[in-house]
Amino acid sequence: MRSVTVGSFNIHWGRTPRAFKPFDVVGACRQLDVDVLALQEVWRPDGEPSVARQVADALGYEVHEIWTARGVTEPRVRLVGRTGEHVGDGDCGEAILTRVPHGPVTEHRLSGFLFDYTDRAVISTHVELEGTRVSVSASHFPHLEHISPLLRWRLRTVLPEADEPAVLMGDFNMWRWVARFIVPGWSDTVRGATWPAPRPVFQIDHLLATAPIKATDAEVVHTGESDHVPIRARISLR
């Protein structure tokens, strides 16, 4: 392959931000139309398939999910405990969906953030572009009040070096300059406000790339009814 499209979308449990009513996540992901899709705030009611699984089944993706907290959706969505605790009525987490050939999917847990219910993690895989292995990683980072800049040191053993071909995407819960601080040497490819939808003011969802990667068609895509709007780009080798 000469290029692939990648994208990230915090789907807010598949619910609208104020009324907490289900929205058409499948339709939004169909419009986003990327080869590798990272989803954050994925909801899986106990005993039922997750929102990410529904997207994968409808659109022909493979899906890898991880669960990072327990939650409830009535009368509103909220986290109530850590993964594995006997609270709540379902799991919340992240997923990476792929429709192109890729390598094994791995999980790297990021622990130790202050007052954070969520077990943060990075999901990674790789694709081959023109015979070169390109790392693709995704995450949902903690908020600044959880001392998220500590990620600068915790990600060192998780992500490739800045001179290796790689991308990192997701809901970072931070501004662009903070993202550059925690992943030095990587460049931001998508520029545009992503939160809070429907009238976003801040960009907290990012798609970072290392020097060997060229990103084109990088954009914010106004689709879906989450409190975030998704992002996408086409990546190739320089």
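Hi everyone, let's start with a ring and a charge: arginine 154 sits over the face of phenylalanine 113, and the distance to the ring centre is 4.5 Å. Before I go on, please keep in mind that this is a predicted model.

There is another arrangement of this kind to show you. Arginine 152 lies over the face of phenylalanine 181, 4.6 Å from the ring centre. Phenylalanine 181 also takes part in an aromatic pair, so let me turn to those.

How many aromatic pairs does a search of the whole structure find? The search gives four. One of them joins tryptophan 153 and phenylalanine 181: the ring centres are 6.1 Å apart and the planes stand at 75°, so this pair is edge-to-face. Tryptophan 153 belongs to helix H3, residues 151-154, while phenylalanine 181 belongs to helix H4, residues 176-182, so the pair ties together parts 28 residues apart in sequence. As for accessibility, tryptophan 153 is partly exposed, with a relative accessible area of 44%. Phenylalanine 181 is partly exposed as well, at 34%.

Now, on to a residue in strand S5, aspartate 91. Is aspartate 91 buried or exposed? With a relative accessible area of 9%, aspartate 91 counts as buried, because the cut-off for that is under 20%. Which side chains does it meet through polar contacts? Arginine 44 is one partner, with a side-chain contact of 2.8 Å. Arginine 70 is another, its side chain joined to that of aspartate 91 at 3.2 Å. Setting aside neighbours within four places in sequence, the residues in contact with aspartate 91 include Trp43, Trp67 and Ala69.

As a reminder, an α-helix has 3.6 residues a turn, so residues three or four places apart point the same way.

After the helix comes glycine 60, with a positive phi near 80°.

Terms used: Residues numbered from 1 in each chain as written. Predicted model: local features only at pLDDT ≥ 70, side-chain atom pairs only at ≥ 80, totals over all residues. Heavy atoms only, no water. Helix = DSSP H or I, 4+ residues; strand = E, 2+ residues; numbered from the N terminus. Phe/Tyr/Trp six-rings, centres within 6.5 Å; stacked < 30°, edge-to-face > 60°. Buried < 20%, exposed > 50% of the residue type's maximum accessible area, 1.4 Å probe, protein only. Lys NZ or Arg CZ within 6 Å of the ring centre and 35° of its normal. Polar contact = N/O pair within 3.5 Å; in protein donor to acceptor, adjacent residues only side chain to side chain. Contact = heavy atoms within 4.5 Å.
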